Amino acid sequence: MSVLDDIVAGVAEDLEARRRTVPLEQMQERARAAAPARDAFAALGGNDTPRSGLRVIAEVKRSSPSKGALAEITDPAALAARYADGGAAVISVLTEQRRFGGSLADFDAVRRAVDIPLLRKDFTVDEYQIWEARAHGADLVLLIVAALDDARLKGFLALTHDLGMNALVEAHTAEEIERAVAVGARIIGVNVRNLKTLDVDRAIFAPLAGSIPAEAVIVAESGVRNAADVGQYAAEGANAVLVGEALVRHNDPAATIAGFMQAGSDALAAGRHGNG
């Protein structure tokens, strides 16, 4: 069993417990009563022609399967507010508990604290989670291509859009990129972390990003240690970077985000100058 398989099995088990507490019909009522979703596609520069700057998706992340405990994060709302102050375009909140130490309570606290788009970062295996995300005020959900067959990927993406949200559709291989594009994904994440070994290989980003249509927002996921990594991703086609560890371990995440955005802008400016 791969790491992904193990995580998904736990997610499905925890999901059933929540479903027994709040049945799907009741969750759907809550989702329909929620305030309209914010436009995460626009926040990530999806409407810019040509694309300008580099956006940061800043993550509230306590731990991970690859690194273990990252940060205690006693006040996720305060951390999210610092992210927003630093210029984050979107804030990602882990809600998976077993491997990442997250919760929907964390998400709710962040939702109350900031007014920018939020990504409910979890392993989506059932439509219940999409309704649940909307009910809690999510604007984006994560759909991992490797965890879904084509029918579920297409159906989950359609439901996400029907509810006014966007999806970050995450791919790790050329074949997964093709599947993401085929179902009409508008925001495609290239995760350079191997889900079987958890190893990071930044070299795979450029060729994978190069196969994504220009109208999609391209998000670089994993492997960001510093501004140089952000600049490299921007130069290789990233419109945004998703960063967790490098922010939660820093004592001034707002300044770090600002530095990442500057590195992205510098890389894009250098590319334009080089092409001119």
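This section describes the strands, helices and aromatic contacts of a predicted model. Residues are numbered from 1 along each chain as its sequence is written, and side-chain values use heavy atoms, with hydrogens and water left out. Because the model is predicted, local features need pLDDT of at least 70 and side-chain atom pairs count only at pLDDT 80 or more, while totals for chains, interfaces and linings use all residues.

Eight strands, in the order 1-4-5-6-7-8-9-10, form a closed barrel with parallel pairing. Strands (E, at least two residues) and helices (H or I, at least four) are DSSP runs, numbered from the N terminus, and two strands pair if DSSP finds at least two bridges between them. From one strand to the next, the twist averages 25 degrees; axes are lines fitted to C-alpha atoms, for helices over the stretch in contact, and angles run from 0 to 180 degrees between N-to-C directions.

Strand 1 (residues 55-60) has parallel partners in strand 10 (residues 240-243), through four bridges, and in strand 4, also through four bridges. Val-56 stands opposite Val-241 in strand 10, whereas Ile-57 stands opposite Val-90 in strand 4.

Six of the six residues of strand 1 are buried, where buried means under 20% relative accessible area, exposed over 50%, and partly exposed in between (1.4 Å probe, protein chains only). In a regular strand the side chains alternate between the two faces of the sheet. In strand 1, Arg-55, Ile-57 and Glu-59 point one way, while Val-56, Ala-58 and Val-60 point the other way.

Helix 4 (residues 76-86) lies across strand 1 and strand 4 and runs at about 170 degrees to strand 1. In helix 5, the buried residues are Leu-104, Asp-106, Phe-107, Ala-109, Val-110 and Arg-111. Their cover includes helix 1 (3-21), strand 1, helix 4, strand 4, strand 5 and helix 6, with contact meaning heavy atoms within 4.5 Å. Gln-28, in helix 2 (residues 24-33), counts as buried at 15% relative accessibility. Residues up to four places away in sequence aside, Gln-28 touches Glu-127 and Trp-131.

The structure holds two aromatic pairs. Rings of Phe, Tyr and Trp (its six-membered ring) pair if their centres lie within 6.5 Å; planes under 30 degrees apart count as stacked, over 60 as edge-to-face and the rest as tilted. Phe-100 and Phe-123 form a tilted pair, at 5.8 Å centre to centre and 35 degrees between the planes. Phe-100 lies in the loop between strand 4 (90-94) and helix 5 (104-113), and Phe-123 in the loop between strand 5 (118-121) and helix 6 (127-135), so this pair ties together parts that are 23 residues apart in sequence. Phe-100 is buried at 9% relative accessibility, and Phe-123 is buried at 10%.

Phe-205 and Tyr-233 form an edge-to-face pair, at 4.9 Å centre to centre and 65 degrees between the planes. Because Phe-205 lies in helix 9 (residues 205-209) and Tyr-233 in helix 10 (residues 227-235), the pair ties together parts that are 28 residues apart in sequence. Phe-205 is buried, with a relative accessible area of 0%, and Tyr-233 counts as buried at 1%.
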